[in-house]
Amino acid sequence: MRFDARRMVAGRGLLVTVVAAGALAAGGATAAIAAADGGDGDSPSGGTPARTAVSLTRAADAALKAVPGHATSAGFDRHGGKAVWEVDVTGAGGSEHEVTVDAATGKVVAEEADDDD
């Protein structure tokens, strides 16, 4: 069987190529989500919440209002059965903080200075 590039990018060949590329991309995304989970089983869909009322962006904004600075990382977790976003913030002067934002309301429920020194 010969490889025919013209057939691959025209008509039915184009459709098959697009569907195959989409299937490969979906498989890669699924693998990435599964790897991000870390195996703790707390999150409903592999590290990322299935649905929350508050997006990661809104949670980061709420955290930065509570502790001005730069958000350095964020993740979804469960505390006491409640869905929360945990946002790490580097404040003015380089101080590190972990801010917990309720994923249902968007309210900051905890803020803790991280003093690993």
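Is tryptophan 85 buried or exposed, and what is its relative accessibility? At 7% relative accessibility, tryptophan 85 counts as buried. Buried here means under 20% relative accessible area, exposed means over 50%, and partly exposed lies in between (1.4 Å probe, protein chains only).

**The model and its confidence**

The structure is a predicted model, in which local features need pLDDT of at least 70 and side-chain atom pairs count only at pLDDT 80 or more, while totals for chains, interfaces and linings use all residues. Residues are numbered from 1 along each chain as its sequence is written, and side-chain values use heavy atoms, with hydrogens and water left out.

The predictor's confidence in each residue is given as pLDDT, from 0 to 100. For the protein, the mean pLDDT is 73, and 55% of the residues reach 70 or more. Strand E3 (residues 96-102) has the highest confidence, at 96, and helix H2 (residues 11-37) the lowest, at a mean of 50. Over residues 28-46, pLDDT stays under 50, and the model has 15 contacts beyond four places in sequence for them. A contact means heavy atoms within 4.5 Å. Where pLDDT is low, the predicted coordinates should not be read in detail.

**Overall build**

The protein contains three helices and four strands, and their order along the sequence is α-α-α-β-β-β-β. Helices (H or I, at least four residues) and strands (E, at least two) are DSSP runs, numbered from the N terminus. Of the 117 residues, 24% count as buried. Among contacts between residues at least 6 apart in sequence, 31% join residues at least 24 apart.

**The nonpolar core**

A nonpolar core is a set of buried Ala, Val, Leu, Ile, Met, Phe, Trp, Tyr and Cys residues joined through side-chain atoms within 4.5 Å. The largest one has 13 residues, of which Ala63, Trp85, Val89, Val99 and Val101 touch the most other members. Helix H3, strand E2 (82-91) and strand E3 each give two or more residues to this core. E2 gives the most, with four residues.

Alanine 59 lies in helix H3 (residues 56-66). Its relative accessibility is 0%, so alanine 59 counts as buried. Leaving out residues up to four places away in sequence, alanine 59 touches Val54, Trp85, Val87 and Val101. Alanine 59 and tryptophan 85 are 26 residues apart in sequence, with 6.5 Å from C-alpha to C-alpha.

**Two side-chain pairs**

A search of the whole structure finds one aromatic pair. Rings of Phe, Tyr and Trp (its six-membered ring) pair if their centres lie within 6.5 Å; planes under 30 degrees apart count as stacked, over 60 as edge-to-face and the rest as tilted. The rings of phenylalanine 76 and tryptophan 85 have centres 5.5 Å apart and planes at 70°, so this pair is edge-to-face.

The whole structure also holds one salt bridge, defined as a side-chain nitrogen of Lys or Arg within 4 Å of a carboxyl oxygen of Asp or Glu. Aspartate 102 forms it with lysine 82, and the closest N and O atoms are 2.9 Å apart. Aspartate 102 is in strand E3 and lysine 82 in strand E2, 20 residues apart.

The table gives the accessibility of residues in these pairs.

| Residue | Relative accessibility | Class |
|---|---|---|
| Phenylalanine 76 | 12% | buried |
| Tryptophan 85 | 7% | buried |
| Aspartate 102 | 5% | buried |
| Lysine 82 | 46% | partly exposed |
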